[in-house]
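Please look through the sequence and the structure shown here before reading on. The report that follows takes the model one topic at a time.

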Amino acid sequence: MTRLFLTASLATLAACATPPAPEPMVDHVGFVEARPTEDPKPERVEIVETAVPLPLPGQLKPLDPEPVKKPAPTPEVAIQNGRAGAVIEPSPEGFLNAVQVYPYTEGALYRLYASPGQVTDIALQPGETLVSVSAGDTVRWIVGDTASGSGSAARAHILVKPVAAGLQTNLMIATDRRTYHLELESTPATYMAALSWRYPQDELAGLTARNANAAAQEAVPVERGLSLETLSFDYRITGDRPDWTPVRVFDDGRQVFIQMPAGVAASEMPPLFVLSSGGTAELVNYRVRGPYYIVDRLFAAAELRHGTKPQTVVRISKASAAPRPRWRRG
């Protein structure tokens with residue numbers, strides 16, 4: 001036990017007596033000063049935009065404020081507004097002499113100004129039959145009726161006269177064709193001598209009927225109205241030979257008919273000149289119906305001319321001066 005203690009003590013003393021290790025020799029001349037550097041930055045990132053839909057004009061308008069809901073008008077207000085919007089007043093361009101001519105529209109209210117001591121004449125369409133007349137105020141307004149003309153030209157008239165100024169009422173006229181509504185108002189001195197209507201619907205119907213009749217007449221072949229006994233083909237076609245050279249020429253003693261080829265368009269048909277006895281060319285009235293020129297007079301010679309330089313000329317002349325042969329039934 002004593003030996004172990006001495007051994008440990010000797011080891012401790014030996015450790016304390018060991019000298020420190022010598023400091024290494026360093027050459028200070030070879031040092032290089034260190035400079036601070038920044039951390040390496042990452043590579044630049046390229047940003048690629050995808051297609052973005054652009055707003056169209058008007059899509060970026062500011063929103064309208066919340067609409068204010070107006071209360072529904074009362075029946076009285078709705079009636080007043082509707083009646084005020086239906087009234088047609090007299091206009092300067094509507095006067096034909098002293099007569100105010102209104103365009104008729106179903107449901108419209110026509111204004112009539114009258115004056116005490118003066119009569120206003122309301123004239124209906126010729127041939128229109130008066131059925132009844134009703135006025136709102138029959139005490140202060142005098143209403144009567146009369147007629148003019150006869151037969152298909154007969155015309156009904158309603159006569160209106162107030163007994164004082166500052167009066168208002170309405171008038172309803174019923175006929176066999178339509179109904180008229182008028183707003184009557186009396187003034188101290190201003191009054192309408194007469195009023196009547198024009199009827200656009202009737203005018204349109206008449207125009208449509210006339211166009212239909214004209215189209216039907218145009219569709220009738222020229223040959224249908226001709227009599228074989230009166231036809232004369234005593235004509236000769238000479239000169240140039242364009243595509244529009246007439247097929248045949250004949251007359252019925254009053255008119256000359258020049259038949260053109262079927263394939264010739266109306267825009268390609270040349271003008272017709274009639275040659276006078278002196279040889280000068282004169283324009284003549286003619287009509288084109290289908291493939292025919294119809295000249296409303298007889299001639300000895302005529303020319304169809306097209307173009308200028310060079311000008312294409314086709315001459316049509318009587319074959320002989322002798323009396324013309326006529327086709328007769330055997």
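## The nonpolar cores

A nonpolar core is a set of buried Ala, Val, Leu, Ile, Met, Phe, Trp, Tyr and Cys residues joined through side-chain atoms within 4.5 Å. In this structure, which is a predicted model, the largest nonpolar core has 22 residues, and those that touch the most other members are Ile122, Leu171, Ile173, Tyr180, Leu182, Leu195 and Trp197. Two or more residues of this core come from each of the elements β4 (109-114), β8 (155-162), β9 (168-175), β10 (179-186) and β11 (194-198). Apart from it lies another core, of 19 residues, which includes Ile237, Val284, Val295 and Ile316.

When its neighbours within four places in sequence are left aside, leucine 171 is in contact with Ile122, Val133, Ser134, Ala135, Val143, Ile158, Val160, Tyr180, His181, Leu182 and Leu184.

## An open sheet

An open sheet with mixed pairing is formed by 6 strands, and their order is β2-β3-β11-β5-β8-β7. The strands β2 (95-96) and β7 (141-148) stand at the edges, and because each has a single partner strand, one side of each is left without a neighbour in the sheet.

Is arginine 111 buried or exposed? Its relative accessible area is 14%, and since buried means under 20%, arginine 111 counts as buried. Arginine 111 has its place in strand β4, and, leaving aside neighbours within four places in sequence, it is in contact with Val87, Ile88, Glu89, Pro90, Tyr102, Glu183, Glu185 and Met192.

Arginine 111 lies in strand β4, whereas glutamate 89 lies in the loop between β1 (87-88) and β2, so the pair ties together parts that are 22 residues apart in sequence. Glutamate 89, at 35% relative accessibility, counts as partly exposed. A network of salt bridges links Glu89, Arg111 and Glu185.

## Other salt bridges

The structure holds 9 salt bridges, and two further examples can be described here. In one of them, the side chains of arginine 254 and aspartate 252 meet at 3.8 Å, N to O. Arginine 254 is exposed, with a relative accessible area of 54%, whereas aspartate 252 is buried, with a relative accessible area of 13%.

In the other example, a salt bridge of 2.7 Å, N to O, is formed by the side chains of glutamate 303 and arginine 305. Glutamate 303 counts as buried at 8% relative accessibility, while arginine 305 is partly exposed, with a relative accessible area of 21%.

## Proline 200 in helix α3

Which residue is 7.2 Å from proline 200 in space, C-alpha to C-alpha, although 96 residues apart from it in sequence? That residue is tyrosine 104. Proline 200 itself is found in helix α3, which covers residues 200-219, and with a relative accessible area of 31% proline 200 is partly exposed.

Definitions and conventions
Residues are numbered from 1 along each chain as its sequence is written. This is a predicted model: local features need pLDDT of at least 70, side-chain atom pairs count only at pLDDT 80 or more; totals for chains, interfaces and linings use all residues. Side-chain values use heavy atoms; hydrogens and water are left out. Buried means under 20% relative accessible area, exposed over 50%, partly exposed in between (1.4 Å probe, protein chains only). Helices (H or I, at least four residues) and strands (E, at least two) are DSSP runs, numbered from the N terminus. Contact means heavy atoms within 4.5 Å. Two strands pair if DSSP finds at least two bridges between them. A salt bridge is a side-chain nitrogen of Lys or Arg within 4 Å of a carboxyl oxygen of Asp or Glu.
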